[in-house]
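The stops below go from one residue to its partners and then along the chain.

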Amino acid sequence: MKSSYRKKLEKASNFLREVFDDLETEGSDDFDTFGTRLEDLAGEIDDMLAEDEANARDGDEEDGYEVE
């Protein structure tokens, strides 16, 4: 994944968590309605980023080149 996409996804995850925190702090009804979904979305984005990072590491090992 391009690093610009990774940065945007990281920002999205952080923004979702900020909204989650703000709603939780306010104690509004919106937190009850959307809080769990926001946290789940942020977690899904983090999972995607971790998966992409793991795939990138695996791909580095399978290049067929050996560095001495």
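Select E53, which is partly exposed in this predicted model, with a relative accessible area of 40%. R6 counts as buried, at 17% relative accessibility.

Keep E53 and select R57. These two side chains also meet in a salt bridge, at 3.0 Å (N to O). Both residues lie in helix 2, four residues apart, about one turn of the helix. An α-helix has 3.6 residues a turn, so residues three or four places apart point the same way. R57 counts as partly exposed, at 46% relative accessibility.

Next, pick D46 and R17, whose side chains form a salt bridge of 2.7 Å, N to O. D46 is in helix 2 and R17 in helix 1, 29 residues apart. D46 is partly exposed at 29% relative accessibility, and R17 is partly exposed at 25%. How many salt bridges does the structure hold? There are six.

Last, select helix 1, residues 3-26. Its 24 residues reach 35 Å from the first C-alpha to the last, close to the 34 Å expected. Colour R6, S13, L16, F20 and L23, which are buried in this helix. Step past the end of helix 1 to G27, where phi is positive, near 70 degrees.

Definitions and conventions. Residues numbered from 1 in each chain as written. Predicted model: local features only at pLDDT ≥ 70, side-chain atom pairs only at ≥ 80, totals over all residues. Heavy atoms only, no water. Helix = DSSP H or I, 4+ residues; strand = E, 2+ residues; numbered from the N terminus. Expected span 1.5 Å × (residues − 1). Buried < 20%, exposed > 50% of the residue type's maximum accessible area, 1.4 Å probe, protein only. Salt bridge = Lys/Arg side-chain N within 4 Å of Asp/Glu carboxyl O.
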